[in-house]
Amino acid sequence: MPTAPDPGTADHPATDHPATDHFATADRLPLRRRLLPVIALLLLAPWAAECSWGGFAIDDFLPVLIFLGPMYGGAAILIRETARHLGAGWPTIVLLAAAFGVLQAGLVDQSLFNPDYLDDTQYADTRAAAEATLVPGLEFSLRQAFDYVGNHIVLTICAPIVLIESFLGPQRRLRPWLGRPGLAAVGVLYLLGSLLIFSDSGRKGFLASPLQLAFAAVVVVALVAVALLPRWRHPHPRRARRAPHPLWVGLLVVLVRIGGDLTPGWAGVAIALTLAAAAGALIAYWSSRKGWGQRHVLVAGTAGLVTAAAFAYVVPPYSPASPAAALAGDVAVTVITIALVGGAWWRSRASPAVHVAAS
C-alpha cells in the first residue's frame, strides 16, 4: 500500500494550548480517563496493522492484539505523545511513523532484507514481483520497502491516532495523555514487544548483514531528526480560500492507494512515489486553507484504512483458514471499520475548524 499523504499539521485551536515544557505537562484529568485513550490506541494499532486488510481470520484477532499490541501499540502511543508534548502536528507524526516502519522492517523482524520472509505464508507468490525492484548492494526490494513502511504509516500509526483523537473532545484532542512515568512504562512495553519479535522466531532465523543493518539505522536516525525539527511546530498563516469538502480529501487518498498498485516493477514504484508525494503536497496546501477541521484530518488519516478493509474480501490471510473463518474475519473488519470511522465522524461533528500549517 502506498504511503499515506500527510493529513496536515493540526494546530491547536484557541481553547487548546500545546504543552510548553515538553514532557513535563500532561492532561490533568483523572488517571482512569487519561488511560482510556492510551489503552484504546494500544489495542487499535495492532488490529489496524495486521487485521484490517484481511491478514488474519477472525479467530486470530485476539492473539494478534496480545502478542503485537506491545510493539505496534507502544510505538503508536510513543509517537503520538512525542508529537503532542512538543506541540508538533502531523508532519512529525508521519515522519516518526516512517522511522518506525524502517525500524520494524529493517532492524526488528528484518523482513525488508529477508527474501524468504513470506515463503511460509499465502503470499509466497509475491517474491518474484519483489525481486524485480531489488536495490543493488543492499539487496532489498524497493517495492516491498514502500509497501511495508507505507502500511506502517497508514495503518499502524496514523489511522489509529486520528481515530482515537477524533473520539475525544476538542479540549483533549491535541493534549498529551501521559507524563514521564507513563511514557517510561510504555517505552519498556514497546522494547519488550520488539525484543519478542526480534527473537529467532520473529526474524524466522534470518539476520541481515552489517551493511543492511547500518543502512536501516541511518535511515531511522535521519527520519527522527527531520521529524523533530522546530519548523513543524510553527503553522503558516491561513489562506483565504476555503478547504474542499472532507470527502474530496478521502477520494484523493483512495486514488493514490489504487493507482500505486496498477503497474509492477520500477515503473510502478516511481508512479506510487510520485502519486504519494503529489497527494501529500496537495493535502498540505488544502490544510492551510480556511475551514480545514478535524473531519478533514479524520478522512485523510482513515481513507487508507477504509480502502484496506474494502479489499480484505479479495486477499488471503497469512495462514490458510477455513472459508467460514476467513469470511467472518472480513465481515468483522467491515463492521469494526464502519463503527470506528462512523463514530469518529459523529463525535467530531461539533468540532470547530482548526487552522493547520501547510509546512
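Is T307 buried or exposed at 6% relative accessibility? These legends take up that question and several others for a predicted model, beginning with the chain as a whole.

**Figure 1. T307 is a residue of helix 12, which covers residues 294-311.** The relative accessibility of T307 is 6%, and because buried means under 20% relative accessible area, T307 counts as buried. Once the neighbours within four places in sequence are left aside, the residues in contact with T307 are V254 and R257.

**Figure 2. L255 belongs to helix 10, which covers residues 246-259.** With a relative accessibility of 51%, L255 counts as exposed, because the cut-off for that class is over 50%. Although L255 and A303 are 48 residues apart along the chain, their C-alpha atoms are separated by 10.0 Å.

**Figure 3. Helix 1 (residues 31-50) packs with helix 5 (residues 142-167).** The two helices meet at an angle of about 140 degrees, and their axes are 8 Å apart. Angles over 145 degrees count as roughly antiparallel and those from 65 to 115 as roughly perpendicular, and helix 1 and helix 5 are therefore oblique to each other. The crossing in which helix 1 passes helix 5 is right-handed. On the side of helix 1, the residues that take part are P37, A40, L41, L44, A45, A48 and A49, and they meet L155, T156, P160, I161, L163 and I164 in helix 5. Sorted by class, this contact of helix 1 with helix 5 has twelve nonpolar residues, one polar residue and no charged residues.

**Figure 4. Y72 and F100 are one of the model's aromatic pairs.** How many aromatic pairs does the count come to? The count comes to eight aromatic pairs, and the one formed by Y72 and F100 is edge-to-face, with 6.2 Å from centre to centre and 85 degrees between the planes. This pair links distant parts of the chain, since Y72 lies in helix 2 (residues 61-85) and F100 lies in helix 3 (residues 90-108), 28 residues apart. Y72 counts as buried because its relative accessibility is 4%, and F100 likewise counts as buried, at 5% relative accessibility.

**Figure 5. Y123 and Y318 form an edge-to-face aromatic pair.** Their rings are 5.8 Å apart from centre to centre, with 65 degrees between the planes. This pair, too, links distant parts of the chain: Y123 is in the loop between helix 3 and helix 4, whereas Y318 is in the loop between helix 12 and helix 13, and the two residues are 195 residues apart. Y123 is buried, with a relative accessible area of 15%, while Y318 is partly exposed, with a relative accessible area of 22%. Which residues form one aromatic cluster with Y123 and Y318? The cluster is made up of W53, F56, Y123 and Y318.

Key: Residues are numbered from 1 along each chain as its sequence is written. This is a predicted model: local features need pLDDT of at least 70, side-chain atom pairs count only at pLDDT 80 or more; totals for chains, interfaces and linings use all residues. Side-chain values use heavy atoms; hydrogens and water are left out. Axes are lines fitted to C-alpha atoms, for helices over the stretch in contact, and angles run from 0 to 180 degrees between N-to-C directions. Helices (H or I, at least four residues) and strands (E, at least two) are DSSP runs, numbered from the N terminus. Angles under 35 degrees count as roughly parallel, over 145 as roughly antiparallel, 65 to 115 as roughly perpendicular and the rest as oblique. A crossing is left-handed if the near helix is turned anticlockwise from the far one by less than a right angle, and right-handed if clockwise. Contact means heavy atoms within 4.5 Å. Ala, Val, Leu, Ile, Met, Phe, Trp, Tyr, Cys and Pro count as nonpolar, Asp, Glu, Lys and Arg as charged, and the others, Gly among them, as polar. Buried means under 20% relative accessible area, exposed over 50%, partly exposed in between (1.4 Å probe, protein chains only). Rings of Phe, Tyr and Trp (its six-membered ring) pair if their centres lie within 6.5 Å; planes under 30 degrees apart count as stacked, over 60 as edge-to-face and the rest as tilted.
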